[in-house]
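Let's take a walk through this model together, going from helix packing to strands and then to a loop. Keep the viewer open as you read.

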Amino acid sequence: MLWWWSRPRRVLVLSSVGLAGVVAGVLGWGGFNTVLEATNRTEFCISCHEMRSSVYEEYRRSVHYANASGVRAGCADCHVPRDWTHKLLRKVQATNELYHWLAGSIDTPEKFEAKRHELARHEWDRMRASDSRECRNCHSFEAMDVHKQTAKAATAMTAAVKAGKTCIDCHKGIAHRFPDVTAGHRRAFAAERERAKGFVPAPGGTVYPLTSLALHRQPVADGAGVIGEVAVTTPLRVLAAEGGFARVELVGWHRDGSPGTLYRLPGKRIPLATLTDTAAAGLEVRRVVTDSDSGQPWTEARVTGWVRTGTFAADPDVLWAQAARIADANCTLCHGLHPADAFTANQWIGSINAMKRLTPLDDEEALLLRIYLQANAKDAAAPR
């Protein structure tokens, strides 16, 4: 049989096998790549009603769909990398989205809206991690003519370049409706306030207000008897409880000559309470220290009064967790999340005051966020 496997026949067989392998490889690769590219088409992306009836309609009203230059960015232009390696990785990750489609995770408008912020965050985080790679396929700082931009845009863009920001830090909600970033923490806080209604503080224990509270001279809802306001998160030691009120003790620090405002720590303007002139004049002084940074004397003082019950947490971690959630949802609208110990307690005041206008937070939410960041700042003690 050796004659059958002669050299000419052997070459022919091996060549045929090799050619068949090449053809199979080309067809296999071509078929795989064809399917891969087909899933990049906008028509494929909106083939399910979850996308077609929600984000696609929003995209059609955006500048990425219709504009003066006639350049249209499709779904894949923003959400799928162009280079093959990152594209394949993104496609593998997208199999998780197919699972949730099969599971019906967002198959109704109500489900979709409930998850809109979470879904948006996934994309924002992905874009920030890649330095807005897909945005830069069409846009680049180098190609921008700032003289053709508005003065406000040119100033912001120049500052962003110097600060090393990436596109998604400032340009969210461009092609799709901006999510309600307050919905999650407000739902959680509403549930916490509901639980607090049934919490009866016991004398000797310490409680933490879920919101700023009026401090009364007597346990009656009399506006004339209000002697101050206690800030959210302030540690209050319960002395007695009666008729929907609790008599509490508050110990804080005030600057020399300003007894009407009490702070958590000497030299650190972390608010605890504001007092009327009469209440401030009756403060019980405990000790005086000198702040090493400013050289100013700070006085530790005690005040007592009555506050309404039904708005307390027994554990400060409830409030810190809520504040951390607010920081994560709101501070990331313009930049990556700065840890609380990135700044000093007093530095956080100016930062929060400047940034609050860029968020949908109300005054009480902003105050909770500020106190949380200050209490965990690099020069402050851990919250009590």
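**Two crossing helices**

Helix H12 (residues 316-330) packs against helix H14 (residues 363-375) at an angle of about 105 degrees, their axes being 9 Å apart. That makes H12 roughly perpendicular to H14, a label given to angles of 65 to 115 degrees. Axes here are lines fitted to C-alpha atoms, for helices over the stretch in contact, and angles run from 0 to 180 degrees between N-to-C directions. Helices (H or I, at least four residues) and strands (E, at least two) are DSSP runs, numbered from the N terminus.

Before going further, please note that this is a predicted model, where local features need pLDDT of at least 70, side-chain atom pairs count only at pLDDT 80 or more, and totals for chains, interfaces and linings use all residues. Residues are numbered from 1 along each chain as its sequence is written, and side-chain values use heavy atoms, with hydrogens and water left out.

Which residues of H12 meet H14? On the H12 side they include Leu 319, Trp 320 and Ile 326, and on the H14 side they include Leu 368, Leu 369 and Tyr 372; contact means heavy atoms within 4.5 Å.

**The core around them**

The largest nonpolar core has 26 residues, of which Leu 210, Leu 319, Leu 368, Leu 369, Ile 371 and Leu 373 touch the most other members. Such a core is a set of buried Ala, Val, Leu, Ile, Met, Phe, Trp, Tyr and Cys residues joined through side-chain atoms within 4.5 Å. Buried means under 20% relative accessible area, exposed over 50%, and partly exposed in between (1.4 Å probe, protein chains only). H14 gives this core its largest share, six residues. Leaving aside neighbours within four places in sequence, Leu 373 is in contact with Ala 340, Trp 348 and Ile 352.

**A covered strand**

Now find strand E7 (residues 268-275), where six of the eight residues are buried. E7 pairs in the antiparallel sense with strand E3 (residues 226-230) over three bridges, and with strand E6 (residues 261-265) over four bridges, also antiparallel; pairing requires at least two DSSP bridges between the strands. E6 and E7 form a hairpin with two residues between them, and Gly 267 in the turn has a positive phi of about 80 degrees.

**A loop to finish**

Most residues other than glycine have a negative phi. Asp 131, though not a glycine, has a positive phi of about 60 degrees, and Ser 132 has a positive phi near 55 degrees. Asp 131 is found in the loop between helix H7 (109-129) and helix H8 (151-163), and Ser 132 lies in the loop between H7 and H8 as well. Are they buried or exposed? Asp 131 is partly exposed, at 37% relative accessible area, whereas Ser 132 is buried, at 1%.

Methods. Angles under 35 degrees count as roughly parallel, over 145 as roughly antiparallel, 65 to 115 as roughly perpendicular and the rest as oblique.
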